[in-house]
Amino acid sequence: MLTAIAFYAFSFILIVSAAMVVLSRNPVHSVFFLILAFFNAAALFVLLGAEFIAMILVIVYVGAVMLLFLSVVMMLDVDFAELKRGISKYLPLGAAVGLALVTELIIIGYYWVSPGATGSVIASATPAHMTNTAALGQILYTTYVYYFQIAGLVLLVAMIGAIVLTQRRRPGVRRQSVSRQIARRPSLSMETKDVKPGQGG
């Protein structure tokens with residue numbers, strides 16, 4: 001019964017936070033709601049017995065959200081001085097979100113530590129002779145290896161696109177020209193002098 005209540009609670013918060021990511025007008029608020037959505041998704045993975053995926057979701061994606069936050073700052077030029085002026089009116093909402101995260105961490109910690117609560121759930125998620133990490137690696141690098149490579153290619157294209165979008169040309173800043181460096185002749189970069197014996201360079 002407690003497992004079902006936790007599942008529905010995490011799912012409800014996940015759906016609401018995902019909707020607020022799209023509906024929020026402030027990009028900073030969208031990033032915070034996205035972090036909350038990732039935490040709730042990780043909690044659902046823990047309930048399913050996939051603790052490795054849950055930790056990867058928190059470590060990798062929440063870290064990626066920080067990079068997303070920096071990209072938003074670079075592209076949209078968010079005025080933080082203006083945001084800090086009304087920080088007091090957002091304090092109740094921030095406290096509620098923080099309390100929800102702490103409550104979720106306590107519930108997940110109970111399910112992770114207590115063997116009576118998690119034994120049946122984790123046993124059904126992975127085979128008895130294999131750990132969660134080994135089972136994930138075997139499936140990922142055998143059955144779905146091509147999809148894994150395609151996902152890596154998509155991420156590479158997204159990284160190149162982010163670099164191109166944030167690249168700006170500023171006057172007075174020297175830029176690297178690869179074609180000019182390759183076409184540079186030795187006579188332009190060094191000078192040979194015949195130094196006589198007994199004379200300085």
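**Overview. A protein of ten helices and zero strands.** Helices (H or I, at least four residues) and strands (E, at least two) are DSSP runs, numbered from the N terminus, and along the sequence the pattern reads α-α-α-α-α-α-α-α-α-α. Of the 201 residues in the protein, 20% are buried, where buried means under 20% relative accessible area, exposed over 50%, and partly exposed in between (1.4 Å probe, protein chains only). In this predicted model, local features need pLDDT of at least 70 and side-chain atom pairs count only at pLDDT 80 or more, while totals for chains, interfaces and linings use all residues. Residues are numbered from 1 along each chain as its sequence is written, and side-chain values use heavy atoms, with hydrogens and water left out.

**View 1. The crossing of helices H1 and H2.** The axes of H1 (residues 2-23) and H2 (residues 27-47) come within 8 Å and cross at roughly 155°; axes are lines fitted to C-alpha atoms, for helices over the stretch in contact, and angles run from 0 to 180 degrees between N-to-C directions. The two helices are therefore roughly antiparallel to each other, a term applied to angles over 145 degrees.

**View 2. Val62 in helix H3 (residues 51-76).** Val62 counts as buried because its relative accessibility is 16%. Its C-alpha atom lies 9.9 Å from that of Phe32, although Val62 and Phe32 are 30 residues apart in sequence.

**View 3. Gly98 in helix H5 (residues 91-113).** With a relative accessibility of 27%, Gly98 counts as partly exposed. The C-alpha atoms of Gly98 and Leu36 are separated by 9.4 Å, and these residues stand 62 apart along the chain.

**View 4. A nonpolar surface patch that includes Val164.** Leu153, Leu156, Val157, Met159, Ile160, Ile163 and Val164 make this patch of about 660 Å². Patches are made of residues with over 30% relative accessible area and no salt bridge, nonpolar side chains (Val, Leu, Ile, Met, Phe, Trp, Tyr) being joined within 5 Å and like charges within 9 Å. Val164 lies in helix H8 (residues 145-166) and is exposed, its relative accessible area being 52%.

Methods
Accessible areas come from the Shrake-Rupley method with a 1.4 Å probe; for residues, only the protein chains shown count as cover. A salt bridge is a side-chain nitrogen of Lys or Arg within 4 Å of a carboxyl oxygen of Asp or Glu. Angles under 35 degrees count as roughly parallel, over 145 as roughly antiparallel, 65 to 115 as roughly perpendicular and the rest as oblique. A crossing is left-handed if the near helix is turned anticlockwise from the far one by less than a right angle, and right-handed if clockwise.
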